[in-house]
Amino acid sequence: MGALASVVTWIAGPSRGLLATARRGFLPPALQRRSKNGVQVGILTVQGIIVSVLALLSVVVPDGQTAFVTLADMAAALYLVMYVLMFAAASRLRRTQPDVLRTYRTPAMRLVAGIGLVACVAAFVMAFIRPEGFTGLSGVGYALVVGVVVIVLGVPPLIFVAVRKPSWDLRTEAEKTTADNVLVNPGPAAPVAGAGTPVASGPDGANTPN
């Protein structure tokens, strides 16, 4: 049950955060597609395809436990790349923008970020080492599988950033001034002031008379 709960949060959480990034124009419009309830269907579709392909490891690798640990190491390695960047960015921001008022100020930032950075790099390296007692993949094969997946899934974001276009930013003017509405669909249209007939948003998003 614990593993199931962690899988659910790993699927929903990152894709929700990725939607906020996508809405700022870092991903193509197709990946910004949402349902009428605001669910990030474009991102979830791609995520489902990738996870389905990775799940084939359970078929290719005879040992199911090895396949499970390999998938966990892949996910951990990808997460650790983000944490390495986060600690490096936090240290740099404290040095270059020390006077910016933030909601929380970490004491001894260089020390905290330095320890976190070293720990994440060490854990990232260990993600490529096959655990003792597992079979189905050699030590070199295990490291290659994890490395290939990290590269294949880590390179596309860099490509999107390099080729992104201003037209990918689909936010409204209101969304550009605040982050409150980035993750939700626009609400009903407000009534037009001075109009003879109040106007509201219909279920399909079209304006219909009340």
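**A buried alanine and its surroundings**

Modeller: Ala75 is buried, with a relative accessible area of 16%. Buried means under 20% relative accessible area, exposed means over 50%, and partly exposed lies in between (1.4 Å probe, protein chains only). This is a predicted model, in which local features need pLDDT of at least 70 and side-chain atom pairs count only at pLDDT 80 or more, while totals for chains, interfaces and linings use all residues. Residues are numbered from 1 along each chain as its sequence is written, and side-chain values use heavy atoms, with hydrogens and water left out.

Where does Ala75 sit? It lies in helix H4. Helices (H or I, at least four residues) and strands (E, at least two) are DSSP runs, numbered from the N terminus. Now look across from Ala75 to Val149. These two are 74 residues apart in sequence, yet their C-alpha atoms are 9.3 Å apart in space.

Val149 is one of the buried residues of H6. Helix H6 covers residues 139-163, which makes 25 residues. From first C-alpha to last, H6 reaches 37 Å, close to the 36 Å expected at 1.5 Å a residue. That expected span is 1.5 Å times one less than the number of residues. Keep one general point in mind while you look along a helix. An α-helix has 3.6 residues a turn, so residues three or four places apart point the same way.

Val140 is also found in helix H6. At 60% relative accessibility, Val140 counts as exposed. Its C-alpha atom is 8.5 Å from that of Arg130, ten residues away along the chain.

Next, the aromatic rings. The structure holds one aromatic pair. The rings of Phe124 and Phe128 have centres 5.1 Å apart and planes at 70°, so the pair is edge-to-face. Rings of Phe, Tyr and Trp (its six-membered ring) pair if their centres lie within 6.5 Å; planes under 30 degrees apart count as stacked, over 60 as edge-to-face and the rest as tilted. Phe124 is partly exposed, at 24% relative accessibility. Phe128 is partly exposed too, with 21%.

Go back to the loop between helix H4 (64-96) and helix H5 (109-126). Ala108 is found there. Ala108 has a positive phi of about 50°, although it is not a glycine. Most residues other than glycine have a negative phi. Ala108 is partly exposed, with a relative accessible area of 49%.

Ala20 is placed in helix H1 (residues 2-26). Its relative accessible area is 24%, so Ala20 is partly exposed. The C-alpha atoms of Ala20 and Gln40 are separated by 10.0 Å, and the two residues are 20 apart along the chain.

Finally, the whole chain. Its secondary structure comes to seven helices and two strands. Along the sequence the pattern is α-α-α-α-α-α-α-β-β. Take contacts between residues at least 6 apart in sequence: 54% of them join residues at least 24 apart. Contact means heavy atoms within 4.5 Å. The accessible surface of the chain is about 13800 Å², and 70% of that surface belongs to carbon and sulfur atoms. Accessible areas come from the Shrake-Rupley method with a 1.4 Å probe; for residues, only the protein chains shown count as cover.
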